[in-house]
Amino acid sequence: MRKPAQLLLIVFIVLAILSLACSSTVTIYETPIPPNVETVVAATFAAYTETASHIVVTVTPTMTSVPASPTAEKFGEVYIYTTVENVNLRAQPGMLFQVSRVLPMGTRLKLLGRAPGGEWLSVLGDDGVIGWVHVNVVRVAYDGPPPPVVEPTDVLLVTGKLDTESGTPVSGVGFAVSQGINQTQAVTDKTGQFYAYLPRAMNGIWTVEYTSVSCTSNTMDANCSCIAGKCGSSNPTKQTVTLPQNEPLKFVWK
């Protein structure tokens with residue numbers, strides 16, 4: 001049989017243990033579960049969208065300088081094509097100048113300009129040779145401003161003017177300029193003026209004679225008939241000129 005003192009000690013110990021168990025709090029730490037990645041992305045995107053709807057973006061336009069439209073269209077790069085076989089490319093604008101090339105039909109030429117009167121065109125071939133061709137043997141597929149006037153150099157010029165008695169210029173009238181077996185042709189333009197170019201060595205006395213009227217003349221109607229049935233003629237029909245020429249010849253259409 002145990003002693004009373006020992007029993008009291010045992011009872012005290014038991015009571016102390018029970019007291020500690022009731023008053024102590026035990027904390028258990030768990031490993032946190034990572035959040036769902038899709039949920040985070042969706043929430044972030046929603047927050048960005050909501051915020052972005054209130055963002056105002058100001059864009060400053062870039063000012064581009066636009067040149068003013070030119071007052072007159074400039075002559076650009078234009079090509080013409082020969083329409084017949086054996087086209088003579090000449091050194092100068094006239095039938096009595098040296099032929100530098102004989103061109104087949106369909107030859108492409110770059111248009112550089114025109115001689116006064118518009119009958120002869122200054123051109124550049126694909127082979128780099130510059131020369132002159134007559135306007136009647138090429139096709140000019142171009143509806144822009146006329147090519148620049150190129151004044152021929154180192155030539156002799158025979159020129160004349162054809163007007164009606166009232167002073168109206170007569171266009172499309174042909175004149176032959178000849179000296180012996182040497183001959184060239186010239187046709188009056190819209191101002192009634194004609195221009196015939198000759199080599200400088202061919203000076204002396206030349207004959208200028210009226211020869212023809214083209215259907216494009218302002219003396220002809222759309223059917224290539226004399227207007228109102230009245231056909232005129234140059235007066236005089238023939239003149240002579242000594243080269244170098246001092247003044248243009250004068251002709252009257254009657």
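Phe-194 is buried, at a relative accessible area of 0%; buried means under 20% relative accessible area with a 1.4 Å probe, protein chains only, exposed over 50%, and partly exposed in between. The model is predicted, with local features needing pLDDT of at least 70 and side-chain atom pairs pLDDT 80 or more, while totals for chains, interfaces and linings use all residues. Residues are numbered from 1 along each chain as its sequence is written, and side-chain values use heavy atoms, leaving out hydrogens and water.

**Exercise 1.** Describe the aromatic pair of Phe-194 and Phe-251.

*Solution.* 
- Rings of Phe, Tyr and Trp (its six-membered ring) pair if their centres lie within 6.5 Å; planes under 30 degrees apart are stacked, over 60 edge-to-face, the rest tilted.
- Here the centres are 6.2 Å apart and the planes make 50°, so the pair is tilted.
- Phe-194 belongs to strand S11 and Phe-251 to strand S15, so the pair ties together parts 57 residues apart in sequence. Strands (E, at least two residues) are DSSP runs numbered from the N terminus.
- Phe-251 is buried too, at 2% relative accessibility.

**Exercise 2.** Find which residues the ring pairs link into a cluster.

*Solution.* 
- The structure holds 5 aromatic pairs.
- Ring pairs join Phe-175, Phe-194, Tyr-210, Phe-251 and Trp-253 into a cluster.

Notes
Helices (H or I, at least four residues) and strands (E, at least two) are DSSP runs, numbered from the N terminus.
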